[in-house]
Amino acid sequence: MTDAVTPSSRAPDLAGAIQADVVVVGAGPCGLFQIFELGLLGIKAHIIDSLQHPGGQCAELYPDKPIYDIPALPVCGAQELIDRLLEQIKPFNTQFHLGEEVTEVAKLDDDWFYVATARGTRFHTRAIVIAGGVGSFQPRRLGCAGADAFEGTQVHYRVRSAADFHGKRLVIFGGGDSALDWVLDLCGKASDLTLVHRRAEFRAAPASVAKMRDLVAAGSMHYIEGIAQEIVVEDGVLRGVRVKRTNGEIETLSTDQILAFFGLHPKLGPIAEWGLTIDRRAIHVDTARFETSTPGIFAVGDINVYPGKKKLILSGFHEAALAAFAIAERMNPTKKVHLQYTTTSPIMQKRLGVAGQ
Ligand code: FAD
């Protein structure tokens, strides 16, 4: 039933899968603009990202930094760019699937595709655009032997529900905004709270660090400068964590839960297993359609490579426009897709919700 574009040999289960024209993998700037270009041509798409919020590198790595090379915007904050792109695609009522990593892609006999996420959301789609950037962002792990076995139960890299930590003994690792925000939120709600950070300097906002120090001085929580050395497990339950202080002393902290915020790093991950031609962590595409070695699967933005490729946002925007035309042709091979200007095209203006203005 399927060809090589699948990591598994079992036939995909299509019952209950979401029917889609296009699935866009990655909600960075290029994935978002892909939605816009498809929308102009009357094609609706679903968009998936492993992060909890759209914006890719712009939102995750440098939200407050200025970008100076977006055409017609002399300066634009990285998060501002994402907000503007989100505003621009509003007319298309796109369905976002956030916090979901796409793990499986399979080509079906009828030239449609099966796409599945780690959370079990499944799609039956006519085309796929991979806008995966430098890969999906993964949390940096605690780095203690055996900690992986407790991930999601007693060791966490994100907070799904703050109430899960109320009344519990809690150790939080990290010195950035995520760590400090959760320290301030959970102090007084956790039965016992210790923050562990590897050095005296914090990346978090100085006001948050000052509040944390006040809480320590008031005896409401503890602070240790050091690193996690090993977890303490008894009868299959995590009971504590041994921490090596900066002065070399080892301290055992009894705890029910561990939260670690060491930042995120990108990982090409499952994209490498979809049978596409990949060279040095990038997907080969042609420069007329931005199609990969598998017809029907396109790749735009930082994830693709072709002669002369430059990893710039504006390059990804151009690629998204051409990929959208190629997808429109693929979906309706007998119909010529004419170039239209948004300035003068009534149908495009209708799609944008600006007709008659
Ligand atoms: P990304 O922004 O990387 O987004 C890809 C998204 O795909 C991510 O959100 C990721 O979580 C998701 N994803 C990946 N794999 C999966 C999967 N399997 N399942 C679900 N989701 C997945 N460019 C410029 O043009 N001008 C600049 O001034 C500029 N400044 C920069 C400054 C810094 C500090 C950095 C780091 C980059 C800068 N760039 C700049 C580069 C620019 O940010 C990238 O070119 C751009 O973000 C690429 O967009 P993208 O949509 O292709 O990928």
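Of the 357 residues of the protein chain, 49% count as buried. Buried here means under 20% relative accessible area, exposed means over 50%, and partly exposed lies in between, with a 1.4 Å probe and protein chains only. The model is predicted, so local features need pLDDT of at least 70, side-chain atom pairs count only at pLDDT 80 or more, and totals for chains, interfaces and linings use all residues. Residues are numbered from 1 along each chain as its sequence is written, and side-chain values use heavy atoms, with hydrogens and water left out.

The C-alpha atoms of the protein chain fill a box of roughly 70 × 50 × 35 Å, taken along the principal axes. The secondary structure comes to seven helices and 21 strands. These are DSSP runs numbered from the N terminus: helices are H or I with at least four residues, strands are E with at least two.

Two contacts bring together residues that are separated in sequence. L40 is found in helix α1, residues 29-40. L40 is buried, with a relative accessible area of 6%. From L40 to A321 is 281 residues in sequence, but 9.7 Å in space, C-alpha to C-alpha. I231 belongs to strand β13, residues 222-234. I231 is also buried, at 10% relative accessible area.

Now the pocket. The largest pocket has a volume of about 1400 Å³. Pockets are found on a 1 Å grid over the protein atoms alone: a pocket is an open set of points with protein on both sides within 12 Å along at least five of seven lines, whereas a cavity is a set where a 1.4 Å probe fits but cannot get out. Grid points are joined across faces, edges and corners, and the volume is the space filled by probe spheres set on the points.

By type, the lining divides into 17 nonpolar, eleven polar and 13 charged residues. In this count Ala, Val, Leu, Ile, Met, Phe, Trp, Tyr, Cys and Pro are nonpolar, Asp, Glu, Lys and Arg are charged, and the others, Gly among them, are polar.

Y157 also takes part in a charge contact. The charged end of R141 sits over the ring of Y157, 5.0 Å from its centre. Elsewhere, R213 lies over the face of Y223, at 5.9 Å from the ring centre. A charge sits over a ring if NZ of Lys or CZ of Arg is within 6 Å of the ring centre and within 35 degrees of the ring normal.

Rings also meet rings. The structure holds six aromatic pairs. The rings of F290 and Y306 have centres 5.4 Å apart and planes at 70°, so this pair is edge-to-face. Rings of Phe, Tyr and Trp (its six-membered ring) pair if their centres lie within 6.5 Å; planes under 30 degrees apart are stacked, over 60 edge-to-face, and the rest tilted. The pair links distant parts of the chain, 16 residues apart: F290 in the loop between β19 (282-284) and β20 (297-299), Y306 in the loop between β21 (304-305) and α6 (313-331). Both F290 and Y306 are buried. Ring pairs also link F33, F36, F92 and F317 into a cluster.

Most residues other than glycine have a negative phi. F290 has a positive phi of about 55° although it is not a glycine. F290 counts as buried at 2% relative accessibility. N93 has a positive phi too, near 45°. N93 lies in the loop between α3 (78-89) and β5 (95-98). At 61% relative accessibility, N93 counts as exposed.

Last, the cysteines. How many disulfides are there? The count is zero, where a disulfide is a pair of cysteine sulfur atoms within 2.5 Å. For C30, the nearest cysteine sulfur, that of C58, is 8.3 Å away. C30 is buried, at 8% relative accessibility. The sulfur of C76 is 8.7 Å from its closest cysteine sulfur, in C58, too far for a bond. C76 is buried, with a relative accessible area of 1%.

Key:
1 Å grid on protein atoms, 1.4 Å probe; cavity = no way out; pocket = protein on both sides within 12 Å on 5 of 7 lines; lining within 4 Å.
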